[in-house]
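Good morning, and thank you for coming. I would like to walk you through a few local features of the structure that will now be shown.

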Amino acid sequence: MTIDPNSKNNGIEKGSSKSSKESVDIAHSGVFYLLPLGLRVQEKLERMIDKHMRSIGASKLSLSSITSEDLQRRSGRYSENAELLRLKDRKESGFLLSPTHEEKITTSAAGIVKSYKDLPLRVYQISRKYRDERRPRQGLLRAKEFLMKDLYTFDSTPKMALETYSSVRKAYAAFFDELKIPYVVADADSGAMGGNLSHEYHFVSPIGEDHVCSCNKCHYVANEELAEKGIRTQKTPSNDPIIWHGMSKDRNTLVRVYIPKAQPLTQNEGEDAISNHLNIHAVKAAYPDMDTSIENEALERFGDTAPHLVRIFDHPTLLPEQDDFTTQPITTHPKTAKPLDLTRIHTGDPCPRCLEGLLTVQRAMEAVFWQWK
């Protein structure tokens with residue numbers, strides 16, 4: 001099934017075949033019905049997933065689609081700005097249509113596991129998940145309701161956890177190999193869920209919203225959130241940078257990002273062109289309190305004044321000689337202390353792992369996200 005993002009019917013297909021039209025029907029924007037043919041395909045995939053989950057000793061369960069708002073708050077993952085579908089009962093108690101089930105499964109496991117002898121514990125489910133998608137698009141890829149398989153594992157020692165992680169990775173690879181579809185496994189950022197080790201399984205596709213960077217010489221593969229590019233020649237310092245503006249999550253801090261100009265931007269330095277040159281993931285790593293969901297609101301809100309100001313400089317950008325600001329500029333990564341590289345990675349950039357390799361950037365769709373905490 002090919003997706004047309006410009007289609008008025010929310011992009012189910014472009015030049016669609018009869019089979020695709022018989023698979024899915026649209027209820028309204030971001031909500032779909034599976035017709036008999038589509039349901040048969042889904043059930044076949046579920047049976048394949050069940051087979052590979054059984055191969056690692058995982059047991060299937062079913063959790064409710066409704067979870068309490070209080071449980072989400074206690075985990076620290078509740079936010080008024082989050083894409084959560086909220087509801088209240090007649091007693092005005094707050095509930096959510098679950099986007100994931102980490103909170104509930106962890107609470108349940110705490111009551112089930114009484115001894116290390118009860119471990120390892122591996123459970124999974126295939127269930128509907130929900131999110132208040134701001135802009136549903138690309139058919140089933142970005143919808144308000146979707147089906148997801150989520151696996152949860154509990155181990156008694158870090159060594160056992162790593163063994164579980166390895167066995168699950170092999171099970172996912174076997175699943176995709178059986179499907180006979182091209183995929184890449186990328187190092188990933190754990191994001192809001194946290195964790196020490198994460199990988200994503202991507203289906204390479206021109207309609208994907210993720211970008212995966214891979215080396216043509218070594219085994220380096222990473223998604224854009226975690227990827228880096230090597231430095232083999234010293235960049236020429238720039239004293240005429242492009243300035244991009246963002247905003248903190250609490251809306252009290254203006255974020256100014258200074259990056260060197262790129263050749264394509266010399267003729268058109270509009271906001272969209274700057275955003276395409278800026279690596280927003282690198283900026284977020286340098287200043288975690290920045291709200292990456294805000295696009296053009298920062299200057300409209302603050303103008304030339306703001307209660308607080310944070311300035312972030314790409315490493316070949318020269319700091320102004322006369323500095324009227326009292327805030328200390330950010331020039332290095334807060335964890336690694338490396339000079340910041342805030343420009344996007346492009347095909348042909350050097351690999352950060354080997355001396356000869358060049359990176360290729362491909363669009364892809366994330367199929368599996370697997371992490372170890």
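**Selected local features**

I begin with A337, which lies in the loop between strand 15 (308-313) and strand 16 (359-372). Helices (H or I, at least four residues) and strands (E, at least two) are DSSP runs, numbered from the N terminus. The model is predicted, so to speak of a local feature requires pLDDT of at least 70, side-chain atom pairs count only at pLDDT 80 or more, and totals for chains, interfaces and linings use all residues. Residues are numbered from 1 along each chain as its sequence is written, and side-chain values use heavy atoms, with hydrogens and water left out.

A337 is exposed, with a relative accessible area of 54%. Here, buried means under 20% relative accessible area, exposed means over 50%, and partly exposed lies in between (1.4 Å probe, protein chains only).

E92, also not a glycine, has a positive phi of about 65°. Its place is the loop between strand 5 and strand 6. With 54% relative accessibility, E92 counts as exposed.

In what order do its three strands lie? The order is 4-6-5, in an open sheet with antiparallel pairing. Strand 4 (66-68) and strand 5 (85-88) are the edge strands, each pairing on one side only. From one strand to the next, the twist averages 40°; axes are lines fitted to C-alpha atoms, for helices over the stretch in contact, and angles run from 0 to 180 degrees between N-to-C directions. Strands of a sheet pair through backbone hydrogen bonds, either parallel or antiparallel. Two strands are counted as paired if DSSP finds at least two bridges between them. Strand 4 and strand 6 (residues 94-97) run antiparallel and are joined by three bridges. Within this pairing, I66 stands opposite L97 in strand 6.

Next, the peptide bond between L119 and P120 is cis, with omega about 5°. P120 sits in the loop between helix 4 (102-112) and strand 7 (121-130).

Finally, how many disulfides does a search of the whole structure find? The search finds zero, a disulfide being a pair of cysteine sulfur atoms within 2.5 Å. C218 is partly exposed, at 24% relative accessible area, whereas C213 counts as buried, at 1% relative accessibility.
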